[in-house]
Amino acid sequence: MEPGQTRNMLTQLRRGAVEFCVLALLRDNEQYGFELVRSLAAVDGLVTSEGTIYPLLTRLRRDQLVTTFWQESESGPPRRYYHLTDAGRKALTDFTGDWARFRDGVDTLLGLEDRNDHPAQ
Amino acid sequence: MTTLHSDPLVADYLHRLDGAAGGLPAQQRAELVAEIRAHIDEALRATHSTGSTGEAAVRNVLKRLGRPEEIMDAAVERTDPPERRQVGGREVVALLALLIPFMGWLIGSVLVLLSPAWTTRERRIGLALPLVVLLFSVVVSLGAPASTALGPLETSLIFALGFAGGPTAAIYLAWRLRSASR
């Protein structure tokens, strides 16, 4: 693998993880589009172009992992709020487990984790 | 879909976004442009309240959003069929059905419409072919007796060719299955 290709791999990883980050942000409360986008943008390196989050939200809606509703706002036009469905919640739980195992495995191989801290799986 | 906006930079951006979205279904395109527009307005309201206004603020918001082409890439890749088409029994039956006139065209059309293996555009072409070809040949063969150039044998041949639309559609759709979706 050439050095330049790790950038591409990172892009792939981001793309895969971002949708679950959205679901995670919705775990405890409903949020509207702009809020979600800005929360994600605040995480270093997660989002390169804020606009690409909107097609992702549309897909989550289409896949029925989230539902939306409109709510009036004092400072402007009505806002579209996003709400996690049961299917979305399950997807999030599944991913959280998968991610932890994956992350721990890779960290161990990269030497970032102390082997002794984690019993054999 | 209105891409007009009081700010010329924003209006230009929305216009480019709308233009780059040609590959999307109309409703989806309109929705995406509306969402981006709402985002811009919300972001500008936020910067306004912190005292930062003017062109620099607008440029910053648009820069954070990213290029319209990037946003469109993200939208398109999420709506088209996956790169590798899933071809199964249903698709084979659909193609075979299209070989049989009328009843077969009907059944084949329904199966093609239900199958995710083809893009919308491919489905439209495939389903229109049998009807268009038949219609064309009927029109020509009905009009033929009036002209002296074609005898009854030729007219019958043209009429028979009308049924070539089904096999042509089947071949076209089968050929599309062998290529990547995009």
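Helices (H or I, at least four residues) and strands (E, at least two) are taken here as DSSP runs, numbered from the N terminus. The model is a predicted one, in which local features need pLDDT of at least 70 and side-chain atom pairs count only at pLDDT 80 or more, while totals for chains, interfaces and linings use all residues. Residues are numbered from 1 along each chain as its sequence is written, and side-chain values use heavy atoms, with hydrogens and water left out.

In chain B, Phe102(B) lies in the loop between helix H5 (89-97) and helix H6 (103-114). Leaving aside residues up to four places away in sequence, Phe102(B) touches Leu134(B) and Phe163(B), contact meaning heavy atoms within 4.5 Å.

Helix H3 (residues 55-65) of chain B has as its buried residues Ala57(B), Val58(B), Val61(B), Leu62(B) and Leu65(B), where buried means under 20% relative accessible area, exposed over 50% and partly exposed in between (1.4 Å probe, protein chains only). Seen down the axis of H3(B), these buried residues fall within an arc of 130°, so they line one face of the helix; the arc is that of the directions from the helix axis to the C-beta atoms. The face turned away from the buried side of H3(B) carries the exposed residues Ala56(B) and Lys63(B), and H3(B) is followed by Gly66(B), whose phi is positive, near 100°.

In chain A, Leu13(A) is found in helix H1 and counts as partly exposed, at 38% relative accessibility.

Methods:
Chains are lettered from A and ligands numbered from 1 in the order in which they are written.
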